Amino acid sequence: MSGKRYEWGRVGLLGGIIGLMLGLVVSGPLRRAKRLPQGGSDSIQPLASGRLQSGRLLERDRPHREWLQALKHHNGTHRWLWLASQAEAASSSEIPRLIRLAEGDWELLKMLGARWSELDPQHMFEYLIEDQETLGSIPRASDLVFQLLRGLDETEFQSMVSMLSNEAAIGDFRSYRWAGVNTIMKRDPELGLRLMNEWGIRSFIPSMESVVEWADGDTLEATRLIGAMMNPDARRSAMKEVAKVWVDRDPEEALNFAKTLGGVPQGELVEEVSKIWAKRDLDAAVAFASAMVDDATLLAHMSAPLVAEWAKIEPEDALLWSQEHLPAPARAQAIGRIVGYVVDEDLQAGIALVDGLRPGGAKNQAVVRILEKWVTQASIDVGAIGEWLSGLDDQAMLRRAMEKAQWSWLQEQPEAARAFVQSDHGYMAPDGMLRGLADQEVRVDPASALTWARSLKGEQAERAQALVIEQWYRAHPDAAVQWATREAKGDLHDHAIMEISRLVALTNEAKQRAWADALGSGELQLAKETMYSMALGEEQLAVVKKVFGEP
């Protein structure tokens with residue numbers, strides 16, 4: 001095991017020095033300290049179950065008092081050299097005593113851990129698990145376990161698998177299986193993948209660096225094993241690696257073989273192979289896909305990576321091919337990808353491309369992509385956006401596009417969003433955009449927010465006023481109530497009373513009474529009528545009746 005040999009190579013180089021210096025380094029009390037007995041009654045004896053005898057670790061493996069007393073006078077290099085010399089001649093059952101004397105020095109712990117795993121990895125694993133379960137005194141026990149599992153080599157794999165497969169031995173420390181699998185995957189991917197299924201590892205992606213070399217030996221069997229993996233993230237990661245082997249070998253055979261996998265693994269292999277194939281030989285990949293018109297599933301999985309690569313070179317040709325060859329769901333997604341690439345390169349070219357599309361799902365997705373890109377531009381002509389949107393003949397598509405783009409617009413270009421809402425095309429703004437702007441305005445100044453809301457056109461003005469009052473009441477209820485009952489005039493006064501009443505009707509009795517006490521007789525009647533016009537639940541309605549009386 002290279003890691004262990006490295007650690008002990010360092011110790012070996014120091015061996016001569018230690019031998020010469022030990023007499024000078026170690027004081028009289030330390031020279032008189034007893035060496036740990038080899039074997040005998042102090043040895044740790046595993047039970048038949050493979051677990052160490054519980055409850056006896058701390059007392060049994062406590063360092064000798066003479067050692068503790070002697071080491072009080074020796075720090076730094078002296079301690080390191082003495083512990084190294086002891087470890088070189090120690091048995092596996094003696095190492096825990098030495099580790100406790102290392103006092104958390106990680107470099108020293110790593111050296112002692114390497115020696116322990118070299119002597120008896122099974123004993124080291126079981127001992128450290130037991131120590132953690134009983135809240136023992138081994139410093140950084142979990143780090144030592146990970147060091148052990150990362151360092152085991154091919155000759156010790158069976159021991160590792162045996163340790164990690166023993167449910168009784170591993171207890172609640174199943175996360176150690178991740179480190180074990182990662183080590184195994186680097187040297188034996190087939191065994192590693194099988195163990196991931198056997199151990200039920202679902203949320204971990206191990207190293208895939210050796211998958212290509214392994215899969216090159218028996219590509220079909222390797223692909224079957226990967227396709228049967230129950231960890232979706234690790235399966236996809238492994239599929240990316242085996243796809244490289246397939247494309248080198250025969251991409252057409254790979255795509256036909258993928259049909260035998262079925263389900264999600266089939267799609268993953270097709271997509272990964274198509275992605276690599278399209279980069280290497282786009283014409284051949286497109287020719288193969290064009291001949292698959294009777295296999296909608298295969299064609300759908302091939303289309304996304306194909307058009308993603310094709311759009312970089314000839315977006316118009318990729319668009320035409322998608323319209324002619326792809327089934328409806330895949331067609332819409334492919335066209336969306338093409339438009340997205342064109343828009344990222346040239347917004348106006350993307351707009352022209354979308355304008356030429358036939359109505360339908362593909363155009364709907366493309367419009368969304370255009371708008372999402374447009375509203376985040378550094379310089380936005382809100383009039384041009386409004387004119388373009390008003391030319392769309394599908395109002396449902398318009399609403400979906402605005403709802404998708406509104407949050408990006410508010411976050412990245414709030415001033416442009418505000419200008420759009422105030423323009424002649426402001427009626428297109430969805431409720432979420434109005435709510436977001438109202439919240440921004442109220443945070444600055446509620447009075448100015450009301451002025452802004454009243455400046456809007458048509459129904460948007462009334463809706464914006466309601467949102468401003470709602471946000472004001474939620475943020476500063478006392479100030480909002482005072483304004484509504486003492487300062488608001490005319491229609492705005494009535495509007496404020498009704499809006500706050502709608503909010504208060506959904507609160508508790510105490511808040512409702514506080515609202516009722518703040519109202520005059522005319523206001524109280526308006527609030528009562530507003531609340532009874534709402535579709536309240538039984539409990540809420542009962543509170544309203546108790547506070548405001550019967551309708």
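## Asn364 and its surroundings

In this predicted model, Asn364 touches Asp394, Met397 and Arg400, leaving aside residues up to four places away in sequence. Asn364 is located in helix α24, which spans residues 361-374. Its relative accessibility is 14%. Because buried means under 20% relative accessible area, Asn364 counts as buried.

## Arg140 in a loop

Arg140 lies in the loop that connects α8 (121-133) with α9 (141-151). The phi angle of Arg140 is near 50 degrees, which is a positive value in a residue other than glycine. With a relative accessible area of 39%, Arg140 is partly exposed.

## The largest nonpolar core

In soluble globular proteins, nonpolar side chains tend to be buried together. The largest nonpolar core of the present model comprises 167 residues. Leu389, Trp409 and Trp515 have the most contacts inside this core. Helix α16 gives the most to the core, contributing eight residues.

The contacts of Trp409 can be listed individually. When residues up to four places away in sequence are not counted, Trp409 touches Val375, Ile380, Val382, Ile385 and Met402, and also Pro414, Ala416, Ala417, Phe420 and Met433.

## Helices α16 and α17

Two packed helices are described by the angle between their axes and the distance between the axes. For helix α16 (residues 232-249) and helix α17 (residues 251-258), the axes come within 6 Å and cross at roughly 125 degrees. The two helices, α16 and α17, are therefore oblique to each other.

On the side of α16, the contact involves Trp246, Val247 and Arg249; these residues meet Pro251, Glu253, Ala254 and Phe257 in α17. Sorted by class, the contact of α16 with α17 contains five nonpolar and two charged residues, and no polar ones.

## Helices α30 and α32

A further helix pair consists of α30 (residues 459-475) and α32 (residues 490-504). Their axes are 10 Å apart, and the helices pack at an angle of about 55 degrees. This angle makes α30 oblique to α32. The crossing in which α30 passes α32 is right-handed.

From α30, the residues making the contact are Glu462, Gln465, Ala466, Ile469, Glu470, Tyr473 and Arg474. From α32, they are Leu492, His495, Ala496, Glu499, Ile500, Leu503 and Val504. By class, the residues in the contact of α30 with α32 comprise eight nonpolar, two polar and four charged.

Terms used: Residues numbered from 1 in each chain as written. Predicted model: local features only at pLDDT ≥ 70, side-chain atom pairs only at ≥ 80, totals over all residues. Heavy atoms only, no water. Axes fitted to C-alpha atoms, helices over the stretch in contact; angles between N-to-C directions. Helix = DSSP H or I, 4+ residues; strand = E, 2+ residues; numbered from the N terminus. Parallel < 35°, antiparallel > 145°, perpendicular 65-115°, else oblique. Contact = heavy atoms within 4.5 Å. Nonpolar A, V, L, I, M, F, W, Y, C, P; charged D, E, K, R; others polar. Left-handed = near helix turned anticlockwise from the far one by under 90°. Core = buried A, V, L, I, M, F, W, Y, C linked by side-chain atoms within 4.5 Å. Buried < 20%, exposed > 50% of the residue type's maximum accessible area, 1.4 Å probe, protein only.
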